[in-house]
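Open the model in your viewer and have the selection tool ready. The stops below are given in the order in which to select them.

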Amino acid sequence: SRATVAAVPTGVVYFVLRKPSQAEDRLVSASTPVAEKAELHTHIREGDVMRMRQVDAIEITPSSTTALEPGGLHVMLVGLKQPLVKGKAFPLTLVFEEAGPVTVQVDVQGATDKGPSHTGSGHDGHTH
């Protein structure tokens with residue numbers, strides 16, 4: 001997820017779903033105590049415009065990965081109860097049609113961070 005500021009009532013969560021078994025499943029809903037509701041969304045291109053559209057479920061095919069990422073599928077957090085703070089984590093419960101509820105911890109990145117945080121190679125762009 002990405003850090004938010006107090007004036008922003010929505011947040012977004014990205015992750016990758018991996019389905020090791022041969023059974024198909026569907027992600028049908030999500031919830032978190034940090035927001036009033038969590039909605040499953042995708043991006044639809046209409047001409048030159050990308051629009052967000054709520055979806056009823058996210059299909060998960062066997063032995064594959066389903067990425068929820070910027071510009072594609074994602075979980076939208078609506079009505080945040082407090083800002084999402086970089087370095088903190090919050091629980092997100094994903095409800096699957098077959099597997100049932102699974103709760104994961106979502107790490108909050110900085111608003112402009114790309115991908116999961118990782119330690120750099122020591123080169124930070126500054127002269128010493």
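Predicted model: local features only at pLDDT ≥ 70, side-chain atom pairs only at ≥ 80, totals over all residues.

Residues are numbered from 1 along each chain as its sequence is written, and side-chain values use heavy atoms, with hydrogens and water left out.

**Stop 1: the core**

Select Phe15, Leu27, Val75 and Leu77. These are the residues with the most contacts inside the largest nonpolar core, which has 23 residues. Such a core is a set of buried Ala, Val, Leu, Ile, Met, Phe, Trp, Tyr and Cys residues joined through side-chain atoms within 4.5 Å; buried means under 20% relative accessible area, exposed over 50%, and partly exposed in between (1.4 Å probe, protein chains only).

Next, colour the strands β2 (15–18), β3, β4 (35–46), β6, β8 (74–80) and β9 (89–96), each of which supplies at least two residues of this core. Strands here are DSSP runs (E, at least two residues), as helices are (H or I, at least four), numbered from the N terminus. Which strand gives the most to the core? That is β9, with four residues.

Now centre on Phe15. Leaving aside residues up to four places away in sequence, Phe15 touches Leu27, Thr66, Ala67, Leu68, Val75, Leu92 and Leu94, where contact means heavy atoms within 4.5 Å.

**Stop 2**

The structure holds five salt bridges, each defined as a side-chain nitrogen of Lys or Arg within 4 Å of a carboxyl oxygen of Asp or Glu. Side chains of opposite charge can pair when their charged atoms come close.

Select Glu59 and Arg26, whose side chains form a salt bridge at 2.9 Å, N to O. The pair links distant parts of the chain, 33 residues apart: Glu59 lies in strand β6 (residues 58–60) and Arg26 in strand β3 (residues 25–31). Glu59 is partly exposed at 46% relative accessibility, and Arg26 is partly exposed at 27%.

**Stop 3: Glu46 and its partners**

Move to Glu46, which is partly exposed at 33% relative accessibility. Show Arg51: its salt bridge with Glu46 has the closest N and O atoms 2.6 Å apart. Arg51 is partly exposed at 42%.

Arg53 is partly exposed, with a relative accessible area of 37%.
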